[in-house]
Amino acid sequence: MMIDPLVLLQAYSIGVFPMSDDRDADEVYWVEPKRRAILPLHGFHLSRSLAKVVRRDRFRVTANRAFPEVLALCAQSASDRPSTWINHAIEQAYGHLHTHGYAHSVEVWEGEELVGGLYGVALGRAFFGESMVSRRTDASKVALAWLVARMRFGGFTLLDCQFMTDHLHSMGAVEISQRAYLQLLGDAVGGVALGAGTVLSGSGAEASLAFDALARGEDAAGFPSPPSLTVSGPVSGHSIAQLLTQTS
């Protein structure tokens, strides 16, 4: 089954996303939860221990430099997750969205090894988190912290987490009704044109502000001390932690 990229984006714009029952399943079905988990960007909870990890730059964080690898890592089975909902059709569909500039990844590195990260879809001022993965303690939490800080800098208003988990709840996620979610979604994607014949040309200005600096690998050396931000926004662990703890 091939999921058309435009159809996939249109689905997101009305609150629907695809899933599968198993990594090797052939079928894909569409999901619209009655209760939706979101993470308010100014309600992110950065614990003291995680703040220390972020501030000390224990991991190197990038964006959109290893999207296929992050997606493949999220699709792998693990001891606590024998199988995943990311089947091969879904993996291919998000690879196409990434090629068109709508799907984005945040990568977490230990040296030259990819040890965690997350990926999702950006549309207007909304980011739809799809999956995150950790192969080292705190790696996925670091990815989420960087994502939230960069989204705030980029002017995003909605971080959709789809379903609530204990992990997300501990970091500030809340569950809201479908009606409340659709209101937030409409405000976030209201200016995005996705009609028939639309030429897909990337997520837009908000995503560029959020991800481009990390994709280019800008060096944080010499940047002014937080809370002052450069034109590129927070690009060091110290500035990320400073931004998040101002309201956390």
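A: In soluble globular proteins, nonpolar side chains tend to be buried together. In this predicted model, the largest nonpolar core has 44 residues. Those with the most contacts inside this core are Phe-44, Phe-127, Leu-144, Leu-147 and Leu-159.

Q: Which elements give two or more residues to this core?

A: The helices are H2 (48-55), H5 (139-154), H8 (205-216) and H9 (237-245). The strands are E4 (60-63), E5 (103-110), E6 (113-123) and E8 (158-162). Helix H5 gives the most, with 10 residues.

Q: Which residues does Leu-147 touch, not counting residues up to four places away in sequence?

A: With those sequence neighbours left out, Leu-147 touches Val-106, Leu-118, Phe-127, Leu-159 and Phe-211. There is also a second, separate core of 42 residues, which includes Leu-6, Leu-97, Ile-176 and Val-189.

Q: How is the packing of two helices to be described?

A: Two packed helices are described by the angle between their axes and the distance between the axes. Here H5 and H9 pack at an angle of about 70°, and their axes are 10 Å apart. H5 is therefore roughly perpendicular to H9.

Q: Which residues of H5 and H9 meet?

A: From H5 come Ala-145, Trp-146, Val-148, Ala-149 and Arg-152, and they meet Gly-237, Ile-240, Leu-243 and Leu-244 of H9. Sorted by class, this contact has 7 nonpolar, 1 polar and 1 charged residues.

Q: Is Arg-152 buried or exposed?

A: Arg-152, which lies in helix H5, counts as buried because its relative accessible area is 17%, and buried means under 20%.

Q: Which residues of H9 are buried, and against which helices do they pack?

A: The buried residues in H9 are Gly-237, Ser-239, Ile-240, Ala-241, Leu-243 and Leu-244. The buried residues of H9 pack against H2 and H5. One of them, Ala-241, has a relative accessible area of 0%. Apart from residues up to four places away in sequence, Ala-241 touches Leu-46, Ala-51, Val-54 and Arg-55. By contrast, the C-alpha atoms of Ala-241 and Ala-205 are separated by 24 Å, the two residues being 36 apart along the chain.

Q: What angle is found between H1 and H4?

A: Helix H1 (residues 5-13) and helix H4 (residues 88-99) pack at about 90°, with 10 Å between their axes. These two helices are therefore roughly perpendicular to each other. H1 contributes Pro-5, Leu-8, Leu-9 and Tyr-12 to the contact, and H4 contributes Ala-93, Tyr-94, His-96 and Leu-97. By class, the residues of this contact are 7 nonpolar, 1 polar and no charged.

Q: How many disulfides does a search of the whole structure find?

A: A disulfide is a covalent bond between the sulfur atoms of two cysteines. The search of the whole structure finds 0 disulfides.

Note on methods: Residues numbered from 1 in each chain as written. Predicted model: local features only at pLDDT ≥ 70, side-chain atom pairs only at ≥ 80, totals over all residues. Heavy atoms only, no water. Core = buried A, V, L, I, M, F, W, Y, C linked by side-chain atoms within 4.5 Å. Buried < 20%, exposed > 50% of the residue type's maximum accessible area, 1.4 Å probe, protein only. Helix = DSSP H or I, 4+ residues; strand = E, 2+ residues; numbered from the N terminus. Contact = heavy atoms within 4.5 Å. Disulfide = S-S within 2.5 Å. Axes fitted to C-alpha atoms, helices over the stretch in contact; angles between N-to-C directions. Parallel < 35°, antiparallel > 145°, perpendicular 65-115°, else oblique. Nonpolar A, V, L, I, M, F, W, Y, C, P; charged D, E, K, R; others polar.
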